[in-house]
Amino acid sequence: MKLLITGASGLLGINLALETMRAHEVIGVDRGKLQSAPFPVRKANFFQRHIFDPALDATQPDWVINCAALANLEECEKHPGQARILNTELPRELASACAKRNIKFVHLSTDSVFDGTRAGAYTEEDEPNPPGVYSQTKLDGEHAVLEANPNAIIARVNFFGWSLGGRRSLGEFFVNNLSEGKNVNGFTDVIFCPMWVNHLGGLLVEMLEKDLHGLYHVVGAQAMSKYQFGIEVARKFGLRESLIAPESVERSALTARRSHNLWLSVHKLSTALGHEIPDFSTGLDGFCTQYQQGYPQRIRSYQQTDG
Ligand SMILES: NC(=O)c1ccc[n+]([C@@H]2O[C@H](COP(=O)([O-])OP(=O)(O)OC[C@H]3O[C@@H](n4cnc5c(N)ncnc54)[C@H](OP(=O)(O)O)[C@@H]3O)[C@@H](O)[C@H]2O)c1
């Protein structure tokens with residue numbers, strides 16, 4: 001299959017492209033960061049409007065996975081207009097352009113559409129209540145995409161892995177800081193379901209192959225606090241877990257509100273796929289093996305450097 005990946009320089013985009021290119025033809029769309037990626041890259045800035053029709057006509061993909069977004073919560077609070085365009089309006093446009101051409105479309109959403117006030121796991125049936133600009137524009141994006149393209153897949157995700165800039169994921173945050181002997185905080189009151197980005201990439205392709213459509217939670221099967229995640233990373237990488245201080249997110253300097261409970265049920269997804277979702281420890285093993293094999297440096301070498 002021919003797969004077009006937007007946001008190919010992002011944490012998900014780059015890992016998805018590298019994972020998928022073994023079995024499929026991959027074309028990335030990027031606004032200029034990628035330099036020597038081992039797959040073809042088309043340059044496009046999404047703020048130049050009406051770029052999707054020509055891009056789809058020129059590349060003729062079977063599948064499109066939209067990994068482009070304004071995914072930094074603080075930036076979204078500062079620039080709500082940009083967040084709306086990137087997280088709601090452009091996904092609607094791309095979903096519609098794919099529907100017109102019968103191209104299967106996957107759009108990425110977020111676990112943080114929920115306000116986190118309930119005690120147990122959220123299912124796809126539960127009512128979201130976005131706590132900030134990022135999550136509101138992402139929820140509006142879900143609606144916009146499904147309205148424009150009812151056959152689309154919407155995946156609410158949360159993942160960790162190695163990124164182009166080396167600082168995008170929570171996994172990198174703990175490895176980078178603990179390796180340098182720095183003290184960090186780990187939030188004990190934010191529960192989430194982290195998934196290794198390579199597992200996520202594999203599941204998204206499997207969902208396309210199985211011709212699923214509609215809304216799915218595509219997160220790890222194990223819920224844990226961000227503090228516990230840090231401890232697991234430290235142990236796996238042989239780093240000092242005592243450098244991680246248990247802390248409340250309410251005492252952090254982060255300006256955008258965080259939900260306390262982002263435990264999402266993956267029952268709908270595992271039922272549709274007919275197998276269990278890969279477990280957290282296998283994903284953490286994969287993340288660590290990549291580190292030992294120099295994968296982070298390899299990824300960073302694809303980045304455009306000035307001069
Ligand atoms: N990371 C997580 O755990 C997490 C959790 C929940 C949901 N998600 C969702 O998953 C998806 C992927 O997230 P991610 O962590 O991979 O995000 P990311 O690392 O921030 O990547 C975002 C991508 O969008 C691109 N982009 C931004 N503005 C653009 C523009 N004007 N024109 C073209 N491309 C533009 C970025 O390009 P540049 O590199 O040039 O900026 C980058 O490639 C997003 O929809 C996000 O909301 C992620």
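This is a predicted model: local features need pLDDT of at least 70, side-chain atom pairs count only at pLDDT 80 or more; totals for chains, interfaces and linings use all residues.
Local features need pLDDT of at least 70 and side-chain atom pairs count only at pLDDT 80 or more, while totals for chains, interfaces and linings use all residues. Residues are numbered from 1 along each chain as its sequence is written, and side-chain values use heavy atoms, with hydrogens and water left out.

**Exercise 1.** Work out how α4 and α5 are oriented to each other.

*Solution.* Start with the axes, which are lines fitted to C-alpha atoms over the stretch in contact, with angles from 0 to 180 degrees between N-to-C directions. Those of α4 (residues 80-100) and α5 (residues 133-148) come within 8 Å and cross at roughly 15°. Angles under 35 degrees count as roughly parallel, and the two helices are therefore roughly parallel to each other.

**Exercise 2.** Check the length of α8 against its residue count.

*Solution.* The expected span is 1.5 Å times one less than the number of residues. For the 12 residues of α8 (residues 226-237) this should give 16 Å, and the end C-alpha atoms are 17 Å apart, which agrees. Next, look just past the helix: G238 takes a positive phi of about 65°.

**Exercise 3.** Is N149 buried or exposed, and which residues does N149 touch?

*Solution.* First, find N149 in the loop between α5 and β6 (153-157). Buried means under 20% relative accessible area, with a 1.4 Å probe and protein chains only; at 4% relative accessibility, N149 counts as buried. Finally, list its contacts (heavy atoms within 4.5 Å): leaving out residues up to four places away in sequence, N149 touches A95, C98, A99, I103 and F105.

Terms used. Helices (H or I, at least four residues) and strands (E, at least two) are DSSP runs, numbered from the N terminus. Angles under 35 degrees count as roughly parallel, over 145 as roughly antiparallel, 65 to 115 as roughly perpendicular and the rest as oblique. Buried means under 20% relative accessible area, exposed over 50%, partly exposed in between (1.4 Å probe, protein chains only).
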